[in-house]
Amino acid sequence: MSYLVDTHLHVTMMPYEGLQAMSEGGIQKAITCAIVIGAQHSESYFDHFRLITGFYKKNAEGLGIKLYSAIGVHPAGIPHDWTRVIDALPEYLKLENVVGLGEVGMNQGSQLEKDVLKAQFEVARDQNVPVIVHIPFQNRLQITELTLNIAAQVSIPANLLIIDHINLDILNQVNQFGAVPAITIRSRNVTVEALYENIEQFQHGMLNCDFSNLFPNDPTAVIKAYQYLKSKGVSDTIIDNLTRNKAEKVFNI
Ligand SMILES: [Zn+2]
């Protein structure tokens, strides 16, 4: 088996055994996305960025996983002085293995969330880096539309815009915009069975486990998807696109 890439997880929430299982199952590259739940101060993000790009990158290396980072302000923790994080993003983007912005996005579509998202889209556009955008479990159509409207206002190139946690409900919106669909494999998003049953629609996406400790997830979700699609006889071109090639191209890794 050739190696696999997981495009979205949260390494600071991961038990060592999770990373180990990923490595044993063939994941050789992974992107950890920034998240500081309930953050009050911009310093919390600066420490988090240092942690994921430093300590955890080295730790993953010991297991044979090249750990890349996406940085940014997550909607689950918007500090009162969030503009300081925005201003610092270009500096952090210069660090080794930082491949773009993420995880950004909105949960409710409040004015604050819109402002933070717009500012981060502007950074992604100006720095010419990909941005991983979260779509929540609720109000998905409205939040997706709002997200794409802000992206259009900012004139961010569509190939830099990754819409994550997609499902069939928002896939047309995402495709029409020309954004990159990312697919989270887990019970509350897309199961391996649903991925296979709708492989025609999902084939241009890229897979991730979005591992966190907020609800049930599986660090080996991408591996399980790879194995399931193989067992069903899906073409290697499609499987390789979903589990490696697309991600390497989008993030230039
Ligand atoms: Zn996430």
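**View 1. Helices α10 and α11 are roughly antiparallel to each other, a label for angles over 145 degrees.** This is a predicted model, in which local features need pLDDT of at least 70 and side-chain atom pairs count only at pLDDT 80 or more, while totals for chains, interfaces and linings use all residues. Residues are numbered from 1 along each chain as its sequence is written, and side-chain values use heavy atoms, leaving out hydrogens and water. The axes of α10 and α11 (residues 236-251) cross at roughly 175 degrees and come within 10 Å. V222, Y226, L229 and K230 of α10 meet D236, I239, L242 and T243 of α11; contact means heavy atoms within 4.5 Å.

**View 2. Helices α5 and α6 are oblique to each other.** Helix α5 (residues 111-127) packs against helix α6 (residues 140-154) at an angle of about 45 degrees, and their axes are 10 Å apart.

**View 3. The zinc ion has the protein donors H8 (NE2), H10 (NE2), E103 (OE) and D210 (OD).** They lie 2.1 to 2.2 Å from the zinc ion; donors are N, O and S atoms within 2.8 Å of the metal (3.2 Å for Na, K and Ca), and sites may look incomplete because water is not among the atoms. H8 lies in strand β1 (residues 4-9) and D210 in the loop between β8 (206-208) and α10 (221-231), so the pair ties together parts 202 residues apart in sequence.

How values were computed
Axes are lines fitted to C-alpha atoms, for helices over the stretch in contact, and angles run from 0 to 180 degrees between N-to-C directions. Helices (H or I, at least four residues) and strands (E, at least two) are DSSP runs, numbered from the N terminus. Angles under 35 degrees count as roughly parallel, over 145 as roughly antiparallel, 65 to 115 as roughly perpendicular and the rest as oblique.
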